[in-house]
Amino acid sequence: MSSGDCKKVTISTLRQMKGDGDRITMVTCYDASFARLCDRGGADVLLVGDSLGMVVQGESTTLPVTIEDIIYHTRAVRRGVTRSHVVADMPFMSYQGGLQGALQNAGRLLKEGGAESVKLEGGEEICEAVDKMVRAGIPVMGHVGLTPQSVHAMGGFKIQGKEPDSARAILRDAKALQDAGAYAVVLEGMPVELARVITAQLSIPTIGIGAGPDCNGQVLVIYDLLGMNPDFAPKFVKKYAELGTMIPAAVAAFKQEVVSGEFPGEAHSFHAKGPLFRPTEVVPRRPVLDDEEDSATGLYGVPV
Ligand code: KIV
């Protein structure tokens, strides 16, 4: 399937893409304007990631993000989408506290947010919840390897599965998710060699981030690929634009034209059809000086 094809992307499309050897493109997305642009750019999947806690809310981890936050952003993203599949992240503690709560929260992301599937971090320990969701008609994407919601348990944002035992545990987790009914799985922060084996052994698509070129697709945080933060350049990110320098430069240019009076010019201004005021009404306002009395009558020399 080419990105120029306007047919809505579903989980069947993604499965088919793996079968056909077509690579899947996924980006994170948090609002309608970006959704429209990413959809137009041909992204197959838009992930309303809990990374929004870091890049939108300014937190240092994804842990503070709530289910309400994800619902709010998913609704916005859905309004901008025509073709891309929309998957919503289940935030920290929205699925770990019991099967019923997990199912209800996943359902809210579809019912209230308009998501078309949900994504959960974890392996064998979440498979019962995944199974329940899938049986309820909620498509689930898994996420193994470096799982940011476990940042404290991992001792930081560290590459996982570098040793044979931990690599085998991640492979087991990925297989368990497939067996529980997940339609795809994100492989984050792991050696190329491990991602390659997982991708070969699973029948469902793998989507990598910091997991090398052999996955069935790739995902990046949209703010990272656009280079929004000039101070953030981890090895797994490639910047396809430099908005982190372009945006301040554009704001500075705007400021310079505001200060000089160059903006707005004639091209950006509107005119009345004819005279709006009598000449005597057009008395210029002047600013109040510090030593002037702040009274309603002393402020402006104008008209009524
Ligand atoms: O929240 C997120 O952005 C993610 C991606 C990095 C896969 O989970």
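**View 1. Methionine 246 in helix H11.** Methionine 246 belongs to helix H11, which covers residues 243–260; helices (H or I, at least four residues) and strands (E, at least two) are DSSP runs numbered from the N terminus. The model is a predicted one, in which local features need pLDDT of at least 70 and side-chain atom pairs count only at pLDDT 80 or more, while totals for chains, interfaces and linings use all residues. Residue numbers start from 1 along each chain as its sequence is written. Methionine 246 counts as partly exposed because it has 13 C-beta neighbours inside 10 Å. A residue is buried if 20 or more other C-beta atoms lie within 10 Å of its own, exposed if 12 or fewer, and partly exposed in between, with C-beta atoms placed from the backbone. Lysine 235 is 11 residues from methionine 246 in sequence and 22 Å from it in space, C-alpha to C-alpha.

**View 2. Lysine 132 in helix H6.** Helix H6 spans residues 127–135 and includes lysine 132. Lysine 132 is classed as partly exposed because 18 C-beta neighbours lie inside 10 Å. Apart from neighbours within four places in sequence, lysine 132 has contacts with Leu99 and Leu103; a contact requires C-beta atoms, placed from the backbone, within 7 Å. Glutamine 100 and lysine 132 are separated by 32 residues in sequence and by 9.0 Å in space, C-alpha to C-alpha.

**View 3. The barrel.** In the order S1-S2-S3-S4-S5-S6-S7-S8, 8 strands close into a barrel with parallel pairing. From one strand to the next, the twist averages 25 degrees. Two strands pair if DSSP finds at least two bridges between them. Strand S2 (residues 45–48) is paired in the parallel sense with strand S3 (residues 85–89) over 4 bridges, and leucine 47 is opposite valine 87 in S3.

View 4. Strand S5 (residues 140–145) runs parallel to S6 and is joined to it by 5 bridges, with glycine 142 having valine 185 in S6 as its bridge partner. S6 and S7 also run parallel, joined by 4 bridges; valine 186 is opposite isoleucine 207 in S7. In S6, 5 of 5 residues are buried. Ala184, Val186 and Glu188 point one way from S6, and Val185 and Leu187 point the other way. From S7, Thr206 and Gly208 point one way and Ile207 and Ile209 the other, and all are buried. Helix H9 (residues 192–201) lies across S6 (184–188) and S7 (206–209), at about 165 degrees to S7; axes are lines fitted to C-alpha atoms, for helices over the stretch in contact, and angles run from 0 to 180 degrees between N-to-C directions.

**View 5. The surroundings of the ligand.** Among the residues that surround the ligand are Thr28, Leu47, Asp50, His143, Val186, Glu188 and Ile209, where near means a C-beta atom, placed from the backbone, within 6 Å. The shell around the ligand divides into 5 nonpolar, 4 polar and 3 charged residues. Ala, Val, Leu, Ile, Met, Phe, Trp, Tyr, Cys and Pro count as nonpolar, Asp, Glu, Lys and Arg as charged, and the others, Gly among them, as polar.

Methods:
Contact = placed C-beta atoms within 7 Å.
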